[in-house]
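Here is my note on the model you sent.

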Amino acid sequence: MNPTATLDAGASSAELRGAGRGEHPVGQRTPLIDGIEKVTGRARYTADIPFGETLVGKILRSPIAHGVIRGIDTARARAMPGVRAVVTGEDFAAPYGVIPIAQNEWPLARGKVRYRGEPVVAVAAIDEATAEAALAAIVLDIEPLPAYFSAADARAAGATLLHEKKAGNVEREVDHTFGDVDAGFAAADLVREHTFHYAEVSHGQIELNAAVAAYEPERDRLTTHSVTQVPYYLHLTLAQCLGMDSSRIRVVKPFVGGGFGHRVEPLNFEMVTAALARAAGGTVRIEQSREDSFLTHRGRPETDIRLRIGLKKTGEITAVDCEIVQRGGAYGGYGLVTILYAGALLHAIYRMGAAKYRGYRIYTNTPPCGAMRGHGAVDARHAFETLLDRMAEELGLDPFAVRRANLITPPYRTLNDLQVNSYGIPQCLDWVEQASGWKARHGKLPRGRGLGMACSHYVSGSAKPVHWSGEPHAVINLKLDFDGGITILTGASDIGQGSSTLLTQIVAEVLALPLARVRVVATDSALTPKDNGSYSSRVSFMVGNAALRAAQAMKRTLMEAAAKRLEVSVDDVEWEGEHCRVAGTDRVLGFEQVVEAALADSGTLTIKGAWSTPPETQGGKFRGAAVGSSAGFSYAAQVVEVSVDEDTGVVNVERVWVAHDCGRAINPLAVEGQVQGAVWMGMGQAMSEENQYHEGLPMRPNMLDYRIPTIADSPPIEVKLVETNDPLGPFGAKEASEGALHGFPPALANAIYDAIGIRLDELPITPDRLLEAIHAKRRKERLRASRPTSASAGAGASTSAAARGAAPQANRS
């Protein structure tokens with residue numbers, strides 16, 4: 001059996017088979033090439049693949065949040081009939097972590113446990129019952145240490161260190177200043193500062209975690225199938241943790257049921273499965289529960305933000321001062337990148353006179369946080385966009401006017417050395433303003449109904465990879481053989497975003513061939529070229545460019561073969577896809593004849609395309625400058641309409657208008673779906689999702705208590721795709737699946753204020769929090785009404801409010 005996914009574009013629909021015959025695949029609304037497999041249930045996910053008889057792997061987790069491991073007694077478990085392997089942290093050669101300079105996590109705890117639920121021991125047995133019995137027979141001896149479940153407690157004087165040499169339990173501190181911040185604030189007509197709090201949130205991907213590892217002791221070879229978004233990083237980590245030569249390892253990514261960042265770093269269960277397989281000398285399968293997923297976590301960290309902004313009367317931003325503290329959890333993971341992203345992406349969306357950023361990533365005794373859709377910048381964007389709205393009201397400016405006062409004109413170099421080459425916010429603003437009826441409706445709807453707006457942006461891949469090796473950022477191989485089919489060989493992970501379809505469209509466009517001639521073989525390290533993985537919205541931009549170059553090289557090769565067969569100069573050959581002709585004549589070669597000519601001398605053709613980010617897009621020279629740098633930034637604006645029930649605190653999202661600058665929509669159908677998904681995910685963080693812990697124990701580790709919006713909660717989301725044709729993107733394309741997420745939470749918060757005159761400076765805005773704020777406001781109003789005030793004082797207050805632009809809210813507060 002060969003479990004490698006091969007996706008044939010011709011098998012998906014008549015629409016796909018026809019694409020390329022008289023129309024260009026790029027820009028067409030194209031069903032995903034793996035859609036049929038998914039909707040019919042034929043798609044094989046990791047847990048579905050029939051490997052024959054496999055051993056069952058199970059993990060024993062720590063019952064306490066912080067402690068020294070004094071002993072692990074596995075004797076009874078090892079002696080049980082049917083138990084084939086038992087492994088502990090001592091069975092691994094090295095710790096791991098996705099960032100090379102922050103590798104401090106062991107697949108199974110070694111020396112200490114640092115969060116409740118951390119894996120400590122694993123077993124492999126002939127069936128689930130035996131594996132569970134073996135876990136129950138293991139005795140842990142762990143000496144408790146003080147545990148810290150908030151960043152403030154972990155940073156307190158005298159707090160026990162989670163990791164040696166990390167004073168104050170600070171994983172990473174960032175201190176960046178660009179321009180004269182003090183002078184910027186001195187030049188401002190209005191300066192305001194607020195603090196904000198954001199709950200920790202998880203990804204909520206549908207597919208549960210699973211891995212299957214097969215070890216061949218005779219050959220010392222390991223094959224792992226897993227749910228990973230980053231097969232290459234998993235490959236490196238397996239070799240490192242197991243002490244194996246990379247050449248003896250094969251990593252295969254089957255279909256993946258969503259990731260959203262949960263799987264953008266190697267996860268402990270993947271290395272544990274492999275270690276068990278090696279210890280047992282066979283094949284081991286680990287399938288985890290939803291609770292296991294919450295314990296593995298890697299979501300968005302609990303965050304506190306202090307933000308100060310200075311504005312001119314015109315709305316021009318003169319200075320920004322931001323401090324962010326993130327509760328990072330027990331291990332490094334993507335932490336130092338996350339805290340750098342939070343500051344870096346304050347830039348590249350608006351012009352600003354000067355900026356200062358202080359960031360602190362803190363170790364705590366909670367599950368490790370990591371990357372999540374919109375990595376690093378979602379919370380900071382909420383703070384920025386809501387504070388802009390507060391200040392716009394004080395200055396008597398419309399929220400759209402403040403954004404327009406700070407627009408960028410590309411090409412543009414930001415204060416922190418980010419390169420902006422295309423910028424669609426002006427068009428995005430224009431569309432959502434008109435589509436929502438903003439001018440006629442904002443501040444004028446009945447009480448309890450409101451409109452809010454916000455802007456957002458995101459990277460199209462990190463300009464510098466996590467593992468810097470000097471290799472290209474992306475590589476595609478195209479194979480052409482006797483059958484006349486083009487096979488795309490790619491290591492890029494399609495995790496539902498439609499990247500395999502996009503690559504097919506790009507190749508078919510360049511070669512002017514129908515999509516039916518193209519198939520994709522993806523993410524098998526034995527067959528496909530290395531790719532860094534699906535994270536930071538890199539695939540469309542980077543892998544798309546590699547596919548474009550490979551297809552152009554293939555076309556040149558075919559045209560040269562055709563010219564040789566026709567005995568003319570290649571310049572005289574007109575390429576028309578299914579055939580080519582000599583210009584100005586009726587001499588024609590069919591595609592099959594061209595293929596025959598191309599294979600005549602050397603046989604099967606394999607042609608490579610590679611792409612790397614230009615140096616000017618890779619950021620500045622200061623420490624941490626690489627994070628946030630990108631070859632292209634996407635941009636979005638959105639308006640949210642809400643209704644608020646002031647008796648219950650329940651907020652309903654009635655409608656969303658979102659315009660997204662994706663550069664060029666290679667597949668508008670997929671892009672619209674990605675934008676809608678980003679908005680929907682932002683709605684979850686803004687309104688209901690949060691992780692809470694009791695003494696380190698997750699209180700919502702299931703989909704009943706962890707409230708992700710359902711289809712019943714989902715509003716109509718009207719999407720407008722703005723195409724600015726980025727000069728570096730493939731056919732002008734940029735990021736399309738993360739940028740719109742950042743804009744929803746602040747647009748929602750601003751809409752609630754427009755509806756009832758209340759602002760909450762924390763997320764999620766749950767009914768209980770909003771109802772408490774409503775009651776608190778009413779108590780203040782009653783107290784104010786009970787105090788005698790002079791008429792003149794009241795008149796003065798009213799005049800001042802009108803001068804600040806607050807009059808439209810007077811009848812709603």
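1. A salt bridge here is a side-chain nitrogen of Lys or Arg within 4 Å of a carboxyl oxygen of Asp or Glu. Side chains of opposite charge can pair when their charged atoms come close. Keep in mind that this is a predicted model. By the rule above, the count comes to 47 salt bridges.

2. Start with Arg263 and Glu207. Their closest N and O atoms are 3.5 Å apart, and the two form a salt bridge. Arg263 sits in the loop between β12 (249–252) and α8 (268–280), while Glu207 sits in the loop between β9 (190–198) and β10 (210–216), so the pair ties together parts that are 56 residues apart in sequence. Are these residues buried or exposed? Arg263 is buried, with a relative accessible area of 1%. Glu207 is buried as well, at 11%.

3. Next, Asp292 and Arg61. Their side chains meet in a salt bridge, with an N to O distance of 3.1 Å. Asp292 belongs to helix α9 (residues 290–296) and Arg61 to strand β2 (residues 55–61), so this bridge ties together parts that are 231 residues apart in sequence. Asp292 has 18% relative accessibility and counts as buried, because the cut-off is under 20%. Arg61 is buried too, at 14%.

4. Now a pair between two strands. Arg449 and Glu641 form a salt bridge, and their closest N and O atoms are 2.9 Å apart. Arg449 lies in strand β19 (residues 449–459) and Glu641 in strand β27 (residues 633–644), so parts that are 192 residues apart in sequence are tied together. The burial of the two partners needs separate mention. Arg449 counts as partly exposed, with 29% relative accessibility. Glu641 is buried, with a relative accessible area of 5%.

5. Salt bridges can also link up. Glu173, Asp175, Lys356 and Arg358 are joined in a network of salt bridges.

6. Helix α18 (residues 668–687) has 20 residues, which should span 28 Å at 1.5 Å a residue. The end C-alpha atoms of α18 are 28 Å apart, which agrees. How many of the residues of α18 are buried? The number is 14 of its 20 residues, and α18 is mostly covered.

7. Helix α16 (residues 539–566) has 28 residues and should span 40 Å at 1.5 Å a residue. Its end C-alpha atoms are 39 Å apart, which agrees. Glu567 follows α16, and the phi of Glu567 is positive, near 60°.

8. Last, the sheet. Strands of a sheet pair through backbone hydrogen bonds, either parallel or antiparallel. Three strands make up this open sheet, in the order β23-β24-β25, with antiparallel pairing. β23 (573–575) and β25 (588–590) stand at the edges with a single partner strand each, so one side of each is left without a neighbour in the sheet. From one strand to the next, the twist averages 20°.

9. Look at the pairing of β24 (residues 579–582) with β25. The two strands pair in the antiparallel sense over three bridges. His579 stands opposite Gly590 in β25. Which helix lies across β23, β24 and β25? Helix α17 (residues 591–599) does, and α17 runs at about 80° to β25.

Terms used:
Residues are numbered from 1 along each chain as its sequence is written. This is a predicted model: local features need pLDDT of at least 70, side-chain atom pairs count only at pLDDT 80 or more; totals for chains, interfaces and linings use all residues. Side-chain values use heavy atoms; hydrogens and water are left out. Helices (H or I, at least four residues) and strands (E, at least two) are DSSP runs, numbered from the N terminus. Buried means under 20% relative accessible area, exposed over 50%, partly exposed in between (1.4 Å probe, protein chains only). The expected span of a helix is 1.5 Å times one less than its number of residues. Two strands pair if DSSP finds at least two bridges between them. Axes are lines fitted to C-alpha atoms, for helices over the stretch in contact, and angles run from 0 to 180 degrees between N-to-C directions. Contact means heavy atoms within 4.5 Å.
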